[in-house]
Amino acid sequence: MLEIDRLDAWYGPSHVLHGLSLEVRPGEILALVGRNGAGKTTTMKAVMGLIPKVAGSVRFLGEDLLGRPAHARFPLGLAYVPEDRRIVPGLTVRENLKLGLLRAPASIKEGPAIAEIAETFPRLAERLDQTAVTMSGGEQQMLAIARAMIARPKLILLDEPSEGIMPVLVEEMGRLFVALRERGVTLLLVEQNVEWALNLADRAVIIDQGAVVHESSAAALRADTAIQDRYCAV
Amino acid sequence: MQTLDQTVVEAPPTVPRRSPIALGGVSRWRAPLSILALLALPFLLPSQALAVNVLIYGLYAVGYNLLYGYTGLLSFGHAAFFGTGAYLTGIGIGAFGLHPLLAMALAVVAASGLALVIGTVSIRSRGIYFAMVTLALAQLVYYVALQASSWTGGENGLRGFTVSAIDLGIVSLDILNPLTKYLFVLAFVGAALALISRILASPFGAVIEAIRENETRARACGFDVERTKLLAFVLSGLFCGLAGALSAIHLSIVPLDSLAYHTSGTAVVMTLVGGAGTFFGPFVGALTVLVLEDVLSLWTPHWQLALGSVFILFVLFLPRGLWGTALGRLTALRGRR
Amino acid sequence: MNPVSNPILEVENLGRRFGAFTALEGVSAAFGEGRITAIIGPNGAGKSTFFNLLSGALKPTSGSLRFSGRDMSRVPQARFAHLGIARSYQITNLFPRLTAHENVRTAIQARTHRYDFWSRRDALTGLGTRADEILDAVGLSGRRDRPAASLAHGEQRALEIGISLAADPKLLLLDEPTAGMGPEETKEMVALLRRLGESRTILLVEHKMKMILGLSERILVLHHGRLIADGTPSEIQADREVRRVYLGQSGGYGHA
């Protein structure tokens, strides 16, 4: 579904990604793990067109992404939940969700879409008309995910969704991701909480110093403590 | 207020490896080196009067930089201190027949006192509000001077206190001689620079920079941020007042403009063009702006437009100012070795 | 909960309101010296408010706070650091363009030379030496002369703690010290905190249960501004209410 082929990326003079190649298969949950600074977030940002200096190729459902401006990804069916969530604090939950529908296909109607979200996220349902800034960090994270989901994307990229979230919500999030996969949505997950991510994912890819160093099923990686120690130190 | 999210701080990739503000070995010599550079100035510039202006406005900008570049407080009302220093020097000499040095001393004390008052009122505000409060208070001083025309000469400015010689007891300085005047002004500016260098190298200097970098953290460390800011404000007012006093001696007239917001803006422009937060930057800025003004006004009657455009270009492409950028390049080179 | 003799920190019915909103209410606890205690709870439960009260950034609107027996309710924030209470922040709060060394040295300076504008600070070698000692204690000696903003995230968190050590505090309040850190960095931070805990009292807000278990013998749970549990890790993990509102069913590890 998503093919990243020999991707290089730079932050100013810093060469951050070195010929990174990986693929995300339709309908799977792929976990991207590795140390801080390994290049996980950069990879996501590069896919979403947020890194100005890149080389190589990124294709989504056969369409080239790198040649397109960042806002071209959404209509193709790609959604992104960044590390800092980026919900709009002054808007209500409902309004934030409507943002996620702005350029959605005409077949998705606002009423039913929001109702569906409310069913999936009871916590958000209670707070539909509450201003986003008054919600706790965990609730805001849920909102960010809901906003990404509402227009029925095919692939969702999530950058460290569990960071700073309390355990009971992390559990809920895990159940949500599994339910999404059941519905046929593909997920690419960058995570530092390796244990949780590997429990959830089908496959796992380890990134170190800007390149892929290991790729296997999640179960295999869970069992391989040597590799984990080397690259993620669980 | 609930913070919005737990953003992980990302280091901007272009932050230099060595802190450009580090108190390196150069700092010991920055005052003497600056004075040496300034000694050469009258021989490099087309006119002595321009050279004296560079000294005066350079000092004005350096005083301003203490508050803006080093402490991080953007004031739009520093003309109040410059103007007060100028007016009281003129009034002291003209109306009270005081010895010029005494008049200057009193004027500087008054400017510092005014800084204490304005500072106390404005320190409570932050950012843009602070800028607005200082602007408003400076305008107040402007209008007071405008109204008190029997003392200040009102719109015509203060005249009639020409200083031709300064009697130092053993010797009398002929201020009408351009070189003597330059050296006289340089003596004060040099002393001020030495003092400012000392202040910046002191523990207090570290505190004001800490406040600029992160006020909340400075407070949490146990620093009395308000009191420190006020002290920086007063010191800044002191040196700007001194610049004003020297200006009065130089021109033998104090235009009402000295208190106008335009003069406040000049401090900001010069500091930014030269390099905020650097020691010698403001002088470079003063020199650049004054020379540009001279040159541009020869070429076009719309020189202010041209000057404004130049300023915009600086802000866009050289945000660290001329001197700041030069220092930055030098530090990067040294770091790479 | 066992009574604590000679507590270094004691809060009784501590509370804070903001207008109609009650951020914290009726929190009572005593903390013994030299222990590491963890504070957990959902976001918005009042943990940051609690820390703000303990560090003097906020004054309580009800109840009392005693540190080493001394009533702190009227002590100004600047004095808290001088009396031995230091705090690190959840969002890294450093002096970005100052070097790691300068960051720590500036913090140390707060105790002594605040208004001195005559001495050359370079000549105050005591400060510099102590700053280097602290950098060593938090493992940042190799990064001494780098601007804080250019340090890796884990190093910034360590520097954050270094700055709070400057006041040689008896009580250290750490707000999510491992925020944003991966497993390896978290391990290093745990080792550091264990070392620091040998000679200090530490109160720690964290979400990573695994880390907390390795570090503290006592956990307080806050929810909606109230203290809902206070006990050993096993007591807390078994507590139904805590599991419902915070830990989930897997003891805090997040996965079913």
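Predicted model: local features only at pLDDT ≥ 70, side-chain atom pairs only at ≥ 80, totals over all residues.

Colleague: OK, how many residues of chain C are in contact with chain A?

Modeller: On the chain C side there are 28, and they meet 25 residues of chain A.

Colleague: Which elements of chain C give two or more residues to that side?

Modeller: Those are helix 5 (153–165), helix 6 (183–197) and helix 9 (240–247) of chain C. Helix 6 of chain C has the largest share, with four residues.

Colleague: And how do the residues on that side of chain C divide by class?

Modeller: You get 13 polar, eleven nonpolar and four charged.

Colleague: Switching to chain A, what domains does the assignment give?

Modeller: Domain 1 is 2–77 + 153–231, and domain 2 is 87–149. Taken over C-alpha atoms, their centres are 24 Å apart.

Colleague: How many residues does each domain of chain A put into the contact?

Modeller: Domain 1 puts in ten and domain 2 eight. On the domain 1 side, helix 2 (73–76) and helix 7 (167–182) of chain A each give two or more residues. By class, that side has nine nonpolar residues, one polar and no charged.

Colleague: Now chain B. Which residues does UniProt list as "transmembrane region"?

Modeller: The unreviewed entry's list includes 66–89 and 304–323 of chain B.

Colleague: What's the helix percentage over 66–89 of chain B?

Modeller: That span is 67% helix and 0% strand, with its end C-alpha atoms 23 Å apart.

Colleague: And how far apart are the end C-alpha atoms of 304–323 of chain B?

Modeller: They're 23 Å apart, and the span is 85% helix with 0% strand.

Definitions and conventions:
Residues numbered from 1 in each chain as written. Chains lettered and ligands numbered in written order. Contact = placed C-beta atoms within 7 Å. Nonpolar A, V, L, I, M, F, W, Y, C, P; charged D, E, K, R; others polar. Domains from an automatic or database assignment. UniProt positions renumbered as here; feature names shortened; annotations may be inferred.
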